[in-house]
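Subject: Handing over a structure, with notes

Dear colleague,

Please find below the structure that I would like you to look at, followed by my notes on what was found in it.

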Amino acid sequence: MNKNVFSYCIDAKKLTLPIDWRSVFNREAELVVELGFGNGEFLVNLAKENPSRNYVGFETSLTSIVKIQKKIQVEGLENVRVFIVDGQFGLREFFEDESIQEIYVNFPCPWPKKSHEHRRFTNEEFVRIVAAVLKKNGFFQLTSDVDWYVHDMAKLIEASGCFGEIFVWKNERVVLGTRYEKKWFSQGKVSFTVKAVKVNHRRVERWTWGEITMPHVHVKNVDVEKLLRLKEQVFHHERGVFVVKGVYASENEYLLRIVSNESNFQQRYFVSVEKKQDGWLVKLDPDALAYRTYVVKFSVRKIAEVITT
Ligand SMILES: C[S@@+](CC[C@H](N)C(=O)[O-])C[C@H]1O[C@@H](n2cnc3c(N)ncnc32)[C@H](O)[C@@H]1O
């Protein structure tokens with residue numbers, strides 16, 4: 001099938017989570033995941049070499065998403081799908097427990113500054129998620145030129161008690177073929193790998209599962225003055241926070257631009273307040289959707305509450 005070059009990237013905000021992978025790939029097959037695939041060489045090569053498996057990639061860079069889709073199309077691969085979303089979020093929200101065979105991270109951004117530490121994959125929650133979504137005897141593998149990053153990950157993996165065999169080794173030559181691997185080796189660096197096989201299961205809480213309907217609230221009357229004053233107001237929830245960054249008016253409708261943050265997962269979206277025959281409808285705007293997390297649902301309810309007369 002000759003697909004459109006942009007049809008390999010899925011917008012999971014429109015789906016019920018966890019994702020029904022059988023309907024995404026039109027078949028049942030083992031799942032393999034890569035977080036932060038960059039130019040996509042590794043994921044595309046794996047998918048080419050193993051046509052009987054399904055491959056899922058996560059990236060936060062739009063350029064990477066465009067580049068990999070061109071590669072997938074040129075190779076004519078039907079077994080790869082990619083998502084533009086934080087890999088830790090995608091791993092937790094898109095997959096059932098014990099559903100993935102292998103998870104790879106190659107040359108993750110090390111975020112060496114203390115103020116950026118929270119962006120690293122080396123955190124306990126990440127390891128818990130990996131231990132939840134991997135199948136028993138499935139494995140996690142991370143490679144980096146930064147030795148402390150690999151050793152930090154190995155320590156977290158060991159402390160979780162979910163992995164039986166944990167191997168750490170040094171690579172003296174290019175083995176994965178990714179852009180960053182080649183870059184660091186061309187500068188005389190080496191790389192390190194940690195690989196761990198899952199033996200014990202872990203449960204993690206999901207933020208978005210089971211939510212089919214878009215959050216919405218009907219209100220009888222709206223205080224437009226209050227609504228217009230919402231700009232730059234911050235609202236706190238036990239799970240995080242949201243800020244109204246802008247309020248835009250058109251005939252019979254107001255659009256509120258929102259930025260939310262929960263456990264460092266940031267989303268930007270719109271909430272609309274629309275005049276209906278019998279009142280007003282406050283809802284997530286379908287043109288700029290968000291994952292229906294606790295704070296996103298809270299933002300719709302809270303806005304409806306504060307603008308009601
Ligand atoms: C240093 S590059 C390595 C790319 C590729 N794996 C390689 O080896 O050439 C790190 C990549 O991870 C992506 N990235 C950073 N944080 C991410 C996250 N939380 N989830 C998914 N991808 C992420 C970046 O956009 C970038 O493309």
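I start with Gln141, which is found in strand E5 (residues 134-144), where helices (H or I, at least four residues) and strands (E, at least two) are DSSP runs numbered from the N terminus. Before going further, please keep in mind that this is a predicted model, in which local features need pLDDT of at least 70 and side-chain atom pairs count only at pLDDT 80 or more, whereas totals for chains, interfaces and linings use all residues. Residues are numbered from 1 along each chain as its sequence is written, and side-chain values use heavy atoms, with hydrogens and water left out.

Gln141 has 10% relative accessibility and so counts as buried, a word that stands for under 20% relative accessible area, with exposed meaning over 50% and partly exposed in between (1.4 Å probe, protein chains only). Once its neighbours within four places in sequence are left aside, Gln141 is in contact (heavy atoms within 4.5 Å) with Ile103, Tyr104, Val105, Trp169, Leu176, Thr193, Val194 and Lys195.

Leu43 lies in helix H2 (residues 41-49) and is buried, at 0% relative accessibility. Not counting residues up to four places away in sequence, Leu43 touches Glu34, Phe37, Tyr55, Val56, Gly57, Ile68, Val80 and Val82.

The buried residues of H3 are Ser64, Ile65, Ile68, Gln69 and Ile72. They cover an arc of only 130 degrees around the axis, which puts them on the same side of H3, the arc being that of the directions from the helix axis to the C-beta atoms.

The aromatic residues deserve a paragraph of their own. A search of the whole structure finds 24 aromatic pairs, where rings of Phe, Tyr and Trp (its six-membered ring) pair if their centres lie within 6.5 Å, and planes under 30 degrees apart count as stacked, over 60 as edge-to-face and the rest as tilted. One of these is the stacked pair of Trp21 and Phe95, at 4.8 Å centre to centre and with 15 degrees between the planes. Because Trp21 lies in helix H1 (residues 21-25) and Phe95 in the loop between helix H4 (87-94) and strand E4 (100-106), the pair ties together parts that are 74 residues apart in sequence. Both are buried, Trp21 at 9% relative accessibility and Phe95 with a relative accessible area of 0%.

Phe94 and Tyr291 form a tilted pair, with ring centres 5.9 Å apart and planes at 40 degrees. Here Phe94 lies in helix H4 and Tyr291 in the loop between strand E13 (279-284) and helix H9 (294-307), so the pair ties together parts that are 197 residues apart in sequence; Phe94 and Tyr291 are both buried. These two pairs belong to one aromatic cluster, formed by Trp21, Phe25, Phe58, Phe83, Phe89, Phe94, Phe95, Trp207, Phe265 and Tyr291.

The charged end of Arg92 sits over the ring of Trp207, 3.9 Å from its centre, and the charged end of Arg239 sits over the ring of Tyr294, also 3.9 Å from its centre; the criterion is that NZ of Lys or CZ of Arg is within 6 Å of the ring centre and within 35 degrees of the ring normal.

Some backbone details remain. The peptide bond from Leu17 to Pro18 is cis, with omega near 0 degrees, and Pro18 is placed in the segment before H1. In the loop between strand E11 (253-262) and strand E12 (265-276) lies Ser263, which has a positive phi of about 45 degrees although it is not a glycine and is exposed, with a relative accessible area of 59%. Asn264 lies in the loop between E11 and E12 as well, and has a positive phi of about 70 degrees although it is not a glycine.

With kind regards
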